[in-house]
Amino acid sequence: MTTAREIMTPDATCIGANESVLDAARKMTDLGVGALPICGTDERLKGMLTDRDIVVKVLGAGKDPAQVKAGDLAQGEAVTIGADDGAEEILRTMSEHKVRRLPVIDGHTLVGIVAQADVARALPDPKVGDLLEAISA
């Protein structure tokens, strides 16, 4: 059984909940990623911040990205996957919540991110096709 730990991108870089959205955008640019986990001062996951969130909820709303805190954009409880959860659980969770990226948690510690691309590389084509259809619908 393929697990999240086996296909994830390890060492996910967080943006602090008290850091600005402008800092987050710069970090995304430097890392070449489109999303960052938002972590609190307790190092626990607070949510995910995407480049789309920045455009729609900050820039599109006429807000100053240097003044908006990343934590202000964390909505509810983050959808996560356990490090030892299997491929079927990854597919089910991504499909059910219509997300393209899942933070991978070991206990309460963020250990990586499983992205749609990670799933595509690791799993058979029919399962990937079903996932793409579920997320895009």
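## Basis

Contact here means heavy atoms within 4.5 Å. Helices (H or I, at least four residues) and strands (E, at least two) are DSSP runs, numbered from the N terminus.

This is a predicted model, in which local features need pLDDT of at least 70 and side-chain atom pairs count only at pLDDT 80 or more, while totals for chains, interfaces and linings use all residues. Residues are numbered from 1 along each chain as its sequence is written, and side-chain values use heavy atoms, with hydrogens and water left out.

## Helix 3 and its cover

Helix 3 spans residues 51-59. Its buried residues (under 20% relative accessible area, 1.4 Å probe, protein chains only) are D53, I54 and V58. They line one face of the helix, because they fall within an arc of 95° seen down its axis. That arc is taken from the directions from the helix axis to the C-beta atoms. Helix 2 and strand 4 (45-50) are included in what covers these residues.

Helix 2 packs on helix 3 at an angle of about 145°, with the axes 10 Å apart. Axes are lines fitted to C-alpha atoms, for helices over the stretch in contact, and angles run from 0 to 180 degrees between N-to-C directions. V21, A25 and M28 of helix 2 meet D51, I54 and V58 of helix 3. By class, this contact has 5 nonpolar, no polar and 1 charged residues.

## Two nonpolar cores

A nonpolar core is a set of buried Ala, Val, Leu, Ile, Met, Phe, Trp, Tyr and Cys residues joined through side-chain atoms within 4.5 Å. The largest has 14 residues. A4, I81, I90, M94, V104, V114 and V119 have the most contacts inside it. Helix 1 (4-7), helix 4 (87-97) and strand 6 (101-106) each supply at least two of its residues. Helix 4 gives the largest share, 4 residues.

V104 belongs to the 14-residue core. Beyond four places in sequence, its contacts include A4, M8, I81, T109 and V114.

## Two single residues

S20 sits in the loop between strand 2 (15-16) and helix 2 (21-31). S20 is buried, at 7% relative accessible area. Not counting residues up to four places away in sequence, S20 touches P65, A66, V68, K69 and A70.

A120 lies in helix 5 (residues 116-122). A120 is partly exposed, at 38% relative accessibility, a class that runs between under 20% and over 50%. The C-alpha atoms of A120 and I7 are 9.8 Å apart, though 113 residues separate them along the chain.

Methods:
Nonpolar A, V, L, I, M, F, W, Y, C, P; charged D, E, K, R; others polar.
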